Amino acid sequence: EEDIVYFINALSPVSQLSDLSLVFNAHLTDNFLFVITAFLSNQNSLSRLSLRVKSGARFTNAGLIVFADSVRRLINLSQAEIEFWENTMMVPSRIPTPNEGVMNLSDALVTNPSLTSLQLHFPTVKYNDQALARMPGLSPRIALLDLDFTDSNMTDLGLGFITEGLQRLTTLTTLKLFISTTKITDVSVSRLCTVLSALPKLSLLHLELQGCRSVGERSIDKIVGLIKSKKTLLHVTLNVKGTQMTSKAKDSLSQLKSLKNSANIKVTV
């Protein structure tokens, strides 16, 4: 971490960047977030921010909230890619799971009126639904939305927050939603499909539901119905391995093979 902090501090004289992309595979703490926050304070012209921390970081609410405040001030940001992967935000048991930090960071991003592309990856982070409470405020200018909450404690309430935000995205063309091994059920997935069917420009859908054991036949029928009826949907990737897969659900999925764009539909069962 000392080397990384030194590197970022060495960049401090540089201002007015338009594109910043950083990828780290290192053990990082809140100190890293404090340093990157100070650096971003001089980057008012930044239009693209990509920050990927692959493993080993231990970020707390305090660090994430400070970082979120700096992101909130990037008023010209049009593309954001934030990825804290694997064990990155797994903190010692004496430190609370960073629900408030995740909520503040997502709020700073989704409500940015300049944002047109958002990738937010927090897989394996054991926050609860309240961390996603700002998702209904998704900026209506977003055309590409890529969310990864794999193996989190998300329930129908959390997916409901995301679905509520999606209703605003009339310009959305690409949606990638990774919610495998979560606690969602047919109730929220069915509601999601209803909202997606009304998005006029949606052309690419990537939906990962692997290991969602409370997702079954009702969801599969709704997803298949969405794919069959939505004429703008040209590319689909669907993973329903490990869900409640009945013979009727399998029959429903087999109908996709007869569609004209079946070559662009990839299903994992």
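Predicted model: local features only at pLDDT ≥ 70, side-chain atom pairs only at ≥ 80, totals over all residues.
Helix H5 spans residues 156-166 and helix H6 spans residues 186-197; their axes lie 9 Å apart and meet at an angle of about 5 degrees. Because angles under 35 degrees count as roughly parallel, H5 is described as roughly parallel to H6. On the H5 side, the contact is made by Asp156, Leu159, Thr163 and Leu166, while H6 contributes Val187, Ser188, Val189, Arg191, Leu192, Val195 and Leu196.

Helix H7 runs over residues 217-229, and its 13 residues reach 18 Å from the first C-alpha to the last, close to the 18 Å expected at 1.5 Å a residue. Its buried residues are Ser219, Ile220, Ile223, Val224, Leu226 and Ile227. Viewed down the axis of H7, these residues fall within an arc of 155 degrees, so they line one face of the helix.

Turning to the loop, Ser45 sits between helix H2 (30-40) and strand S2 (48-53). With a relative accessibility of 32%, Ser45 counts as partly exposed. Leaving aside residues up to four places away in sequence, Ser45 touches Gln16, Leu17, Ser18 and Asn76. Ser114 is 69 residues from Ser45 along the chain, and the C-alpha atoms of the two are separated by 12 Å.

Terms used:
Residues numbered from 1 in each chain as written. Heavy atoms only, no water. Axes fitted to C-alpha atoms, helices over the stretch in contact; angles between N-to-C directions. Helix = DSSP H or I, 4+ residues; strand = E, 2+ residues; numbered from the N terminus. Parallel < 35°, antiparallel > 145°, perpendicular 65-115°, else oblique. Contact = heavy atoms within 4.5 Å. Expected span 1.5 Å × (residues − 1). Buried < 20%, exposed > 50% of the residue type's maximum accessible area, 1.4 Å probe, protein only. Arc of directions from axis to C-beta.
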